[in-house]
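Reader: I'd like a close look at one part of this protein, and I'm happy with a chatty walk-through. Could you take me around it?

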Amino acid sequence: MGNLFLKERENWWTWIVWGVLGCISTGSMLPYISEVWLALLSPVCFLFVLVSWMNYSRRFDFSRAFKVLSCVTVISVIPLLLTQLYPVPDPKQGIIDMALVILMCIGLSIIGAWVARRPKQYY
């Protein structure tokens, strides 16, 4: 029946550590990749692992899973955003690229939270 009245508190340090690990892996991949968009593979892999674990544990509702996945994704793409921000000769193009990366992160977080949510419980 789950926890009807128990509100679980989130341990944000765990998710920040996951985000930092994603940040390190993305930053370590960037110098070896010719296409910058291929650097999104590392955060996507981290999201896939987290979503599969969340789906297995069945204790995350949609909003909680979305907050966690958004936090991990945004921290994971910081090196990619920094490489898009600083050496850009055209600031408009850099801002558009950053906005696309952020929108892609939000979209992936929404899809991941939808997959990871726990099923409805009928009482």
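Reader: Which residues line the second largest pocket?

Author: Happy to, and bear in mind that this is a predicted model. The lining of the second largest pocket is made up of V44, L47, F48, V51, S52, L69, L108, I111, G112 and V115. As for volume, that pocket comes out at about 170 Å³. Two elements, helix 2 and helix 5 (91-116), each give two or more residues to its lining. Helix 2 supplies the largest share, with five residues. Sorted by class, the lining has eight nonpolar residues and two polar ones, and no charged residues.

Helix 2 covers 41-57, and R58 sits in the loop that links it to helix 3 (62-76). The backbone does something worth a look there: R58 has a phi near 55 degrees, a positive value although the residue isn't a glycine. For context, most residues other than glycine have a negative phi.

C45 has a relative accessible area of 48%, so it is partly exposed. C105, on the other hand, is buried because its relative accessibility is 4%, under the 20% cut-off.

Note on methods: Residues numbered from 1 in each chain as written. Predicted model: local features only at pLDDT ≥ 70, side-chain atom pairs only at ≥ 80, totals over all residues. Heavy atoms only, no water. Helix = DSSP H or I, 4+ residues; strand = E, 2+ residues; numbered from the N terminus. Buried < 20%, exposed > 50% of the residue type's maximum accessible area, 1.4 Å probe, protein only. 1 Å grid on protein atoms, 1.4 Å probe; cavity = no way out; pocket = protein on both sides within 12 Å on 5 of 7 lines; lining within 4 Å. Points joined across faces, edges and corners; volume = space filled by probe spheres on them. Nonpolar A, V, L, I, M, F, W, Y, C, P; charged D, E, K, R; others polar.
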